[in-house]
Amino acid sequence: MIKQDYLLRMIQEIISLIANAILNKKKIRQQEWVEYDCLTGQILGFPAEQLIGMDMQELIEQYEGDPDRMGKIELAAMTLLKMSDADHLLQKSKLRQEGMELLKYVQKAGNTFSIQRVALIHLLEMNG
């Protein structure tokens, strides 16, 4: 139980950091990103870069039955949004769209409400 609570807290911390960076256009030090990328990989069960080539339905199904399912899917979504700062315009658009779709899925299918999530979805929709 303590391990699961710790995991949930770490997921929330990473999600908040990325959301604040996106919403407030806040710059995060490279060392912090390295730290959070490492934790993200441990939590998701694979390196964050692997998200780029994954099918979103496959990702959703991968966590079926996991007690931290929605948190991990939301973390994957936020990681995609973080990675959407790529130079390649087509990849940027794809990552951003997939991240937004995963956030919408969590908002609709999850059992938690997040004002921060709603604001981020709205911002992403407005900036297309």
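**Helix packing and loop positions in a predicted model**

Asp 55 lies in the loop between H2 and H3. Helices (H or I, at least four residues) and strands (E, at least two) are DSSP runs, numbered from the N terminus. The model is predicted: local features need pLDDT of at least 70, side-chain atom pairs count only at pLDDT 80 or more, and totals for chains, interfaces and linings use all residues. Residues are numbered from 1 along each chain as its sequence is written, and side-chain values use heavy atoms, with hydrogens and water left out.

Asp 55 counts as partly exposed because its relative accessibility is 46%. Here buried means under 20% relative accessible area, exposed over 50%, and partly exposed in between (1.4 Å probe, protein chains only). Asp 55 and Arg 29 are 26 residues apart along the chain, and their C-alpha atoms are separated by 30 Å.

Ile 52 is also placed in the loop between H2 and H3. At 30% relative accessibility, this residue is classed as partly exposed. Ile 52 touches Met 83, Gln 91, Lys 94 and Leu 95, not counting residues up to four places away in sequence. Contact means heavy atoms within 4.5 Å. Ile 52 and Met 83 are 31 residues apart in sequence, yet their C-alpha atoms are 8.6 Å apart in space.

The largest nonpolar core has 37 residues. Such a core is a set of buried Ala, Val, Leu, Ile, Met, Phe, Trp, Tyr and Cys residues joined through side-chain atoms within 4.5 Å. Leu 51, Leu 59, Met 78, Leu 102 and Leu 103 touch the most other members. Two or more residues each come from helix H1 (2–23), helix H2 (30–44), helix H3 (56–62), helix H4 (69–83), helix H5 (89–109) and helix H6 (115–127). H4 gives the most, with nine residues. Met 78 touches Ile 15, Ile 18, Ala 19, Ile 22, Leu 103 and Leu 120, not counting residues up to four places away in sequence.

H4 has 15 residues and reaches 21 Å from its first C-alpha to its last, close to the 21 Å expected at 1.5 Å a residue. The expected span of a helix is 1.5 Å times one less than its number of residues. In H4, 15 of the 15 residues are buried, so this helix is largely enclosed by the rest of the structure. Ser 84 is found in the loop between H4 and H5. Ser 84 counts as buried because its relative accessibility is 4%. Its contacts are Lys 92, Leu 95 and Arg 96, not counting residues up to four places away in sequence.

H2 has 15 residues, which should span 21 Å at 1.5 Å a residue; its end C-alpha atoms are 21 Å apart, in agreement. The buried residues in H2 are Trp 33, Tyr 36, Thr 40, Gly 41, Ile 43 and Leu 44. They cover an arc of only 160° around the axis, which puts them on the same side of H2. The arc is that of the directions from the helix axis to the C-beta atoms. Gln 31 and Gln 42 are exposed on the other side of H2. Just after H2, Gly 45 takes a positive phi of about 95°.

The charged end of Lys 82 sits over the ring of Trp 33, 4.8 Å from its centre. This assignment requires NZ of Lys or CZ of Arg within 6 Å of the ring centre and within 35 degrees of the ring normal.

For H6, 13 residues should span 18 Å at 1.5 Å a residue, and the end C-alpha atoms are 18 Å apart, which agrees. Its buried residues are Arg 117, Leu 120, Ile 121 and Leu 124. Seen down the axis of H6, they fall within an arc of 100°, so they line one face of the helix. The face turned away from the buried side of H6 carries the exposed residues Ile 115 and Met 126.

Lys 25 is placed in the loop between H1 and H2. This residue is exposed, with a relative accessible area of 64%. Lys 25 and Lys 108 are 83 residues apart along the chain, and their C-alpha atoms are separated by 26 Å.
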